[in-house]
Amino acid sequence: MIPCKLAFIGGGNMARSLIGGLIANGMSADNIHVADKQPDTLNSLTSRYPVQTFTDNRKAIEGADVIIVAVKPQQLQDVVKQLNPYWQEQQLLISIAAGIRIDDISRWLGKSNSSIVRAMPNTPALVEAGATALFANQYVTHQQHELAESILRACGLAIWLQDEKHMDAVTALSGSGPAYFFLVMEAMEKAAIELGLPEETARLLCLETAFGAAKMALESGESARTLRKQVTSPGGTTERAIHELEDGGLPGLFENALVAAALRARELANELGQDHHAE
């Protein structure tokens, strides 16, 4: 872990998962500041991690090398504008608010040459199994690149994008993706129960099968298509099931789903990027 001082604006679940991963990877809790308006959120955090907490964002970012803004997308504009007068040129801002483009963040910060990284993590980050895509503007230095990557790697995989427009596809794939798998698991469990399995048996078998399939895919290095063919014996039960899924249009449904999600991500970026006056 590269030595640095971090300030989190927002102490919710995603900030908590990152803090837990960072401390587990050797970062000192003394170098982590967390600001949140809710004292209960801060109390819950300090009961587990001995980080320094604040209800004032300005005090939290003093002396920080990296400021991680972990608030809801609808709150991001007001939070960034509040930081404007206190921002130091050498500080790196990492936004994990979904859908907000770097140009909009830079405009709200009021510093045209600010170092900003946009990150799109997903909910499995809460169990240190996340998948995060990162995009940096041209002002982010090599060391800041390494810092951002090491921070997000604390809760899973971190991959850099070369073009910010790909964030919409990332949102559709890995950002929303856990829900797709949960839906498939839900449907499989239900079908197994209707075939006569006890509910708990169906649940456990489905969970372990999903985990095992993902582990095989990660460790084998083979494509999903190759792995599917390897476990599909000609004339067997798996082949019959796959034919049913393909005949029912499952591949096309997934394509339609990801296209719809990417389009919605683009719409939200346009909506949330509009300037408004802080209340």
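Modeller: K190 is exposed, with a relative accessible area of 55%. Please keep in mind that this is a predicted model.

Colleague: In which helix is K190 found, and how far apart in space are K190 and S106?

Modeller: K190 is found in helix 8. Although K190 and S106 are 84 residues apart in sequence, the quantity you ask for is taken in space from C-alpha to C-alpha, and that separation is 48 Å.

Colleague: How are helix 8 and helix 9 oriented to each other, oblique or roughly parallel?

Modeller: The axes of helix 8 (residues 177-194) and helix 9 (residues 199-220) come within 9 Å and cross at roughly 140°. Roughly antiparallel would require an angle over 145 degrees, and roughly parallel one under 35 degrees. The two helices, helix 8 and helix 9, are therefore oblique.

Colleague: Is D168 buried or exposed, and with which side chain does the side chain of D168 make a polar contact?

Modeller: D168, which lies in helix 7 (residues 167-175), has a relative accessible area of 11% and is therefore buried, as the cut-off is under 20%. Leaving aside neighbours within four places in sequence, D168 is in contact with A262, A265 and R266. The polar contact, at 3.3 Å, is with the side chain of R266.

Methods. Residues numbered from 1 in each chain as written. Predicted model: local features only at pLDDT ≥ 70, side-chain atom pairs only at ≥ 80, totals over all residues. Heavy atoms only, no water. Axes fitted to C-alpha atoms, helices over the stretch in contact; angles between N-to-C directions. Helix = DSSP H or I, 4+ residues; strand = E, 2+ residues; numbered from the N terminus. Parallel < 35°, antiparallel > 145°, perpendicular 65-115°, else oblique. Buried < 20%, exposed > 50% of the residue type's maximum accessible area, 1.4 Å probe, protein only. Polar contact = N/O pair within 3.5 Å; in protein donor to acceptor, adjacent residues only side chain to side chain. Contact = heavy atoms within 4.5 Å.
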